[in-house]
Amino acid sequence: MKQLAINGTTLSVVDEGEGHPVLLVHGFPLSHSMWSAQIEVLSAKYRVIAPDLRGFGQNESAAGKLTMEQFADDLAAILDELQIEQPVTYCGLSMGGYIFWDFWRRHADRLNSVILCDTRAVADEEDKVRNRHKMAASVLNHGPEACARIMLPGLFAEQTDRSIVASLEAVILATPPESIAAALGGMAERADSAELQSKIDVPTLIIVGEHDKISTASEMRSMADEIPDCDFLEVPGAGHMVPMEKPELVNEAILAFLNRF
Ligand code: MLT
């Protein structure tokens with residue numbers, strides 16, 4: 001991975017392949033590694049940029065609050081640092097999708113198209129905000145195990161291979177508690193972006209796992225109905241972590257979408 005000086009910190013970034021740039025933005029509290037199957041296949045034909053977001057993966061921990069705006073500005077700065085002027089395909093899962101809305105608000109000129117996986121446009125409901133603050137306190141007191149215990153049961157379909165669940169658990173357990181708490185604070189106060197959906201004027205692909213409990217298939221279908229030029233794929237037998245659970249189907253859909261550019 002490349003080590004890039006970005007907005008006062010150093011961020012680790014995968015930069016592989018050549019051609020149309022595809023930016024893969026991971027979910028919470030994860031790292032670029034959730035995109036391993038996509039990096040391998042897409043980089044044969046495209047330039048794949050897959051950062052570890054500030055505070056996550058191989059980066060140093062981040063305390064305080066990690067806002068979606070900060071992440072969005074880091075992503076734009078990564079593109080600058082890599083001298084990528086061509087508009088990119090932004091592909092984000094869950095928190096990576098929450099960041100997309102701020103990337104759209106602040107850096108829309110950098111976008112060619114967007115792929116939203118298992119994510120939401122609305123802000124957190126009150127009970128969700130409360131739960132995030134509870135989880136943040138618990139993680140700061142007891143470590144990332146508290147986050148893994150609460151989140152893991154909701155991330156995968158029942159039939160998903162347990163080795164995939166274990167690999168994701170290892171990523172969560174290796175994440176600094178301060179970073180987990182900081183991102184929880186940022187997600188809890190993120191803006192509602194529902195009104196942006198109808199304004200997205202770049203080609204969009206929405207992918208969701210049939211059994212996703214966090215961003216449900218019906219919620220994502222409504223999102224697809226709101227976005228003007230939007231394809232929709234519901235992946236059978238998958239949960240929230242669809243790129244890890246059904247990599248072949250997801251890669252096939254992404255490759256077909258990217259073929260348009
Ligand atoms: C994620 O996968 O990024 C998280 O589930 C997002 C969330 O907690 O809302």
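## Worked exercises on a predicted model

Cys147 counts as buried, at 0% relative accessibility; buried means under 20% relative accessible area, exposed means over 50%, and partly exposed lies in between, with a 1.4 Å probe and protein chains only. The model is predicted, so local features need pLDDT of at least 70 and side-chain atom pairs count only at pLDDT 80 or more, while totals for chains, interfaces and linings use all residues. Residues are numbered from 1 along each chain as its sequence is written, and side-chain values use heavy atoms, leaving out hydrogens and water.

**Exercise 1.** Determine how many disulfides the structure holds, and examine Cys91.

*Solution.* Begin with the criterion: a disulfide is a pair of cysteine sulfur atoms within 2.5 Å. Next, take the cysteine sulfur closest to that of Cys91, which belongs to Cys117 and lies 4.3 Å away, too far for a bond. Cys91 itself is buried, with a relative accessible area of 0%. The count for the structure is 0 disulfides.

**Exercise 2.** Describe the surroundings of Phe28 and the peptide bond that joins Phe28 and Pro29.

*Solution.* Contact means heavy atoms within 4.5 Å. With neighbours within four places in sequence set aside, Phe28 is in contact with Phe56, Met95, Cys147, Met151, Ile180, Ala183, Leu184 and Met187. The bond from Phe28 to Pro29 is cis, with omega about -10°. Pro29 lies in the loop between strand 3 (21-25) and helix 1 (36-42); helices (H or I, at least four residues) and strands (E, at least two) are DSSP runs, numbered from the N terminus.

**Exercise 3.** Identify the residues that touch the most other members of the largest nonpolar core.

*Solution.* A nonpolar core is a set of buried Ala, Val, Leu, Ile, Met, Phe, Trp, Tyr and Cys residues joined through side-chain atoms within 4.5 Å. The largest such core has 92 residues, of which Phe28, Tyr90, Met95, Ile99 and Ile207 touch the most other members. Helix 2 (residues 68-81) gives the most to this core, contributing 8 residues. In soluble globular proteins, nonpolar side chains tend to be buried together.

**Exercise 4.** Locate Asn7 and Gln83, and classify each as buried, partly exposed or exposed.

*Solution.* Asn7 is not a glycine, yet its phi is positive, about 45°. Asn7 sits in the loop between strand 1 (2-6) and strand 2 (9-16) and, at 43% relative accessibility, counts as partly exposed. Gln83, also not a glycine, has a positive phi of about 55°. Gln83 lies in the loop between helix 2 and strand 5 (88-93) and, at 67% relative accessibility, counts as exposed.
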